[in-house]
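Try each task before reading its solution.

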Amino acid sequence: GPAPGQASGAKKGAGGRITMGFAQVGAESGWRTANTKSVQEAAKKAGIELKFSDAQQKQENQIKAIRTFIQQKVDVIAFSPVVESGWDTVLKEAKDAGIPVILTDRAVDTKDTSLYKTFLGSDFVKEGKAAGEWLTAAYANEQGPVNIVELQGTTGSAPANDRKAGFAEAIRADGRFRIVASQSGEFTRAKGKTRAKGKEVMQAFLKSQKDINVLYAHNDDMALGAIQAIEESGKKPGTDIKVISVDGIKDAFVAMTEGKINVVVECNPLLGDQLMELAKKVVAGESVPARVETQEGVFPQDKAAAALPSRKY
Ligand code: AHR
């Protein structure tokens, strides 16, 4: 069996300093970059030693990173699961090693909620609903049909699943609204090494759909890529095609002030300080709420200029 103390992950390293293993999704978006910076800065401020890993949007890489953290006997593991399903085995390994897990930003789909201590992040369904509600209000006095194309986030991820569902729910009752095409743009702006991204998927939509009234993008990076595609096709984003987006990065606020995005539903990436607070508590064995939700707003175009100077990411 393990040497005394070995099975207990709650035992802190030299000097009582907490070590956190953080398995990040990747660096796919402006939101993610801000999130990573927030976590790194907050760890430093809190005196927590951070072992940081970037999974490049691959679940297998995240699982490997978590297994490495378990071997290294970190005090706490935090991670933002790239997709929702398929985590039970590795989370069970962490639990058996006595290492508490905190989900940040994205949730996992599991029946066994004892596999993690808490979730810190956004309500993505609410975000999708807010996007849909803005649309129904904006078109209150317009004739239908309203043809919508949707750029989904990473397939199988919580924000893609939930933003899709929340939006669909908000527009469902009104027959004028039709989602005529919906495809993943991987939460990124333009083509990387392998898969198609926001810009390329929008180019395909513009070819296959004659009459697009609205673009709903699950994040700002895809919206910004799509805007380029719309402009290159000779149309005006924000006017000929209304653009709805999620996140609220500075670039999106700039695009709003230029009239190219009509509304941004905020998703807050600055989770670092709250994460470190929660980490200290779970390592100390204190109880924490099962869910800690971030506060977010909706920014229509006419509020963008006033809000831009105070945007933090
Ligand atoms: O999980 C949050 C989402 O991940 C953000 O909305 C998106 O930009 C990021 O890639």
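## Exercise 1: The shell around the ligand

In this predicted model, α1 (30-46) and β9 (242-247) each supply at least two residues of the shell around the ligand.

**Task.** List the residues that surround the ligand, and sort the shell into nonpolar, polar and charged residues.

**Solution.** 
- Start with the list: the ligand is surrounded by Glu28, Ser29, Trp31, Arg32, Asp105, Arg106, Pro159, Phe187, Asn219, Val246, Asp247 and Cys267.
- Then sort the shell by residue type: five are nonpolar, two are polar and five are charged.

## Exercise 2: The order of the strands

**Task.** Work out in which order the six strands of the open sheet lie, and which strands are at the edges.

**Solution.** 
- Walk across the open sheet, and the order reads β2-β1-β3-β4-β5-β11, with parallel pairing.
- The edge strands are β2 (49-54) and β11, each of which pairs on one side only.
- On average, neighbouring strands of this sheet are turned by 20 degrees against each other, direction ignored.
- Now look at the β2 end: β1 (residues 19-24) runs parallel to β2 and is joined to it by six bridges. Within this pair, Met20 stands opposite Leu50 in β2.

## Exercise 3: Strand β5 and its neighbours

**Task.** Find how many bridges join β5 to β4 and how many join β5 to β11, then decide whether the faces of β5 are covered or open.

**Solution.** 
- On one side, β4 (residues 101-105) runs parallel to β5, and four bridges join the two.
- On the β11 side (residues 291-293), the strands are also parallel, with three bridges between β5 and β11.
- Phe119 takes part in both pairings: Phe119 is the bridge partner of Leu103, and Phe119 stands opposite Arg291 in β11.
- Finally, check the faces of β5 (residues 118-121): both are covered, with Thr118 and Leu120 buried on one side and Phe119 and Gly121 buried on the other.

## Exercise 4: Placing Lys250

**Task.** Which helix holds Lys250, and is Lys250 buried, partly exposed or exposed?

**Solution.** 
- Locate the residue: Lys250 belongs to helix α8 (residues 250-257).
- Count its surroundings: Lys250 has 15 C-beta neighbours inside 10 Å.
- Apply the cut-offs: a residue is buried at 20 or more and exposed at 12 or fewer, so Lys250, with 15, counts as partly exposed.
- Check one distance: Lys250 and Ala304 are 54 residues apart along the chain, and their C-alpha atoms are separated by 9.9 Å.

Notes: Residues numbered from 1 in each chain as written. Predicted model: local features only at pLDDT ≥ 70, side-chain atom pairs only at ≥ 80, totals over all residues. Pairing = 2+ DSSP bridges. Axes fitted to C-alpha atoms, helices over the stretch in contact; angles between N-to-C directions. Near = placed C-beta within 6 Å. Nonpolar A, V, L, I, M, F, W, Y, C, P; charged D, E, K, R; others polar.
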